[in-house]
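Here is a short report for a first look. Please keep the sequence and the 3D view open while reading.

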Amino acid sequence: MASSLNTDGLTQRPIPVRAGVGLKAQHYGEILETSPDLGWFEVHTENYMGAGGPPHQYLETIAARYPLSFHGVGLSLGSADGLDPAHLKRKKELVDKYRPALVSEHLSWSSFGGNYLNDLLPLPYTQETLEVIADHLRQTQDTLGRQILIENPSTYLQYEDSVIPETDFLIMLAELSECGVLLDVNNIYVSAWNHRFDPRTYMNELKDAPVHEMHLAGHHFNTEIIQDFPQSRGLRIDDHGSPVMKDVWALYEEAIALFGPTPTLIEWDTNIPGLSVLMGEGQKAEAVMSKIGGKRHAAA
Amino acid sequence: MQLRDLQSGFKQALLSKDHNDFASQAIAGGEITATARLQVHRNNVIITLTEALKATYPAIDRLVGCEFFEALAAEFIRNHPPTRGTLIAYGGEFGAFLDGFEPAQQLPYLADMARLEWAWNEAFHSADAAPISGAILSDFTPEQIPNLHFNLLPSARLISSSYPIDKLWELTQATDEPDDAIEIEPGEAHILVYRPEMDVTVLFLKPPAFHFLVALNENKTLTGAYEAAAEIDPQFDLQSTLSDLMSGGLFASVRSVE
């Protein structure tokens with residue numbers, strides 16, 4: 001039983017170059033009973049910000065068996081009015097306790113003026129934003145005593161004031177703060193559709209970025225917007241609620257060809273299916289890595 | 001526009017139903033208008049926070065039905081957006097909000113049901129502590145026993161209501177939908193919520209036992225707590241009540257204060 005946060009017994013296990021899946025409460029029991037052949041698990045750090053109880057008891061057991069990645073959804077690196085010190089402190093306690101091999105956050109904001117809006121909101125790409133988020137990244141990395149990865153967002157809008165291309169912004173951020181990049185292939189596809197850019201060009205622009213993890217997920221096509229704006233091509237919405245789409249798998253093959261085999265997470269956060277479905281998606285990702293990755297190394 | 005002004009305006013627009021000035025000032029339009037693009041985020045905020053409230057308040061959802069729940073959740077979210085970056089802590093003011101929510105006045109028990117569900121949520125996430133067993137009392141002399149202080153587990157919450165929320169709780173925990181409308185007798189409820197191990201326990205108490213625990217929780221001695229219970233029922237059976245509560249694993253520690 002977890003009586004308090006401590007580091008007893010939990011050592012850091014590196015993330016293997018394999019597929020991992022998002023850890024969901026629905027699957028705790030099955031994971032403990034069957035010890036499925038999965039490379040690693042990723043958790044939403046905020047789901048473990050309670051003091052104790054079943055979430056920690058399960059996570060402790062799983063952390064002893066599998067490598068972990070901690071993916072934050074609530075720190076709000078892009079907030080103009082600063083990071084919540086209590087949130088950052090709690091995050092540090094969790095990182096110190098569970099020793100995850102990867103820690104990641106988003107290129108977005110979610111909090112302002114003491115309120116958390118529970119959505120990954122887009123940022124204007126300006127010099128001011130770059131300085132704000134680079135400062136917050138450094139503050140987070142200094143507090144945690146480790147590098148974190150930053151994820152490219154799915155976006156549905158662009159600001160009038162945005163002047164820096166998103167890929168340049170990510171590269172500059174990685175240079176300024178020495179953070180890594182979490183490449184979400186589904187997000188590239190969604191944003192490329194929504195803003196009419198070529199997802200392959202976007203990926204190529206990032207080819208020298210320090211990509212240490214990839215994400216794959218499902219998304220949906222918003223049917224109301226296309227009815228209201230029939231002359232447009234509509235919006236794709238990232239919802240992590242369905243299998244990875246065929247076009248996204250194709251883009252993932254190109255991502256693996258470009259960056260080499262990379263730990264890849266299957267994200268599925270709404271309409272969560274049985275664990276076997278997630279594992280099936282993970283096997284597809286591993287098949288891509290052995291097919292494309294193998295070729296790449298053979299050719300090199 | 002400064003980032004601070006942009007985020008302030010965006011937040012205000014997200015939490016309103018139709019405040020669209022921000023969208024036209026800051027967001028690039030095109031084939032799809034700036035307002036429609038903003039609406040995607042407005043929907044995200046309301047839908048995901050409504051789901052979070054449904055997960056914390058499943059009994060309220062069941063009692064009022066999906067449509068009413070979503071309407072009251074949207075109203076709650078706009079008036080009480082989260083103040084912390086984790087949803088574990090979101091929705092604690094739902095009970096107080098329901099007290100003053102005009103469309104819910106027909107269902108006066110809802111607010112107390114919400115307080116009960118919030119107590120369950122807090123117990124689930126509270127700090128872990130191992131319960132003590134009754135054997136610990138043999139560590140004390142008979143003279144010390146009347147002056148002992150009992151500390152409840154960190155998960156323990158005491159909820160009372162002038163409505164029969166215990167009956168409503170049982171009803172909402174049943175897996176089947178009832179065939180007919182349910183008649184519930186009026187009556188008050190006294191409830192203890194705590195988590196001795198992994199599972200949250202919801203225990204319905206008689207008023208003397210409830211007030212006995214309230215007194216212990218207010219740091220009264222065993223004698224003081226007994227007096228609080230005996231005031232309600234002179235026949236209050238201290239020994240069997242204490243023994244039941246101890247074997248149920250309610251107490252984290254007991255200490256003697258000279």
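## A buried face on a helix

A residue is buried if 20 or more other C-beta atoms lie within 10 Å of its own, with C-beta atoms placed from the backbone. The model here is predicted. In helix α2(A), the buried residues are A:P55, A:H56, A:L59 and A:A63. They sit on the same side of α2(A), because they cover an arc of only 90 degrees around the axis. An α-helix has 3.6 residues a turn, so residues three or four places apart point the same way.

What lies over these buried residues? The cover includes β2 (40-44), β3 (68-71) and α3 (85-98) of chain A.

## Where the chains meet

Chain A puts 48 residues in contact with 41 residues of chain B. Several elements of chain A each supply at least two residues to this side: α2 (54-63), β5 (109-112), β6 (115-121), α4 (127-144) and α8 (223-228). β6(A) gives the most, with six residues. By class, the side of chain A that touches chain B has 21 nonpolar, 19 polar and eight charged residues.

## Two crossing helices in chain B

Now to chain B. Helix α3 (residues 34-56) and helix α5 (residues 66-79) of chain B have axes that come within 9 Å and cross at roughly 110 degrees. Therefore α3(B) is roughly perpendicular to α5(B). The crossing is right-handed.

Which residues meet there? From α3(B) come B:I46, B:L49, B:T50, B:L53 and B:K54. They meet B:F69, B:E70, B:A73, B:A74 and B:I77 in α5(B). This contact has seven nonpolar, one polar and two charged residues.

Key. Residues numbered from 1 in each chain as written. Chains lettered and ligands numbered in written order. Predicted model: local features only at pLDDT ≥ 70, side-chain atom pairs only at ≥ 80, totals over all residues. Axes fitted to C-alpha atoms, helices over the stretch in contact; angles between N-to-C directions. Helix = DSSP H or I, 4+ residues; strand = E, 2+ residues; numbered from the N terminus. Parallel < 35°, antiparallel > 145°, perpendicular 65-115°, else oblique. Left-handed = near helix turned anticlockwise from the far one by under 90°. Contact = placed C-beta atoms within 7 Å. Nonpolar A, V, L, I, M, F, W, Y, C, P; charged D, E, K, R; others polar. Buried ≥ 20, exposed ≤ 12 C-beta atoms within 10 Å, placed from the backbone. Arc of directions from axis to C-beta.
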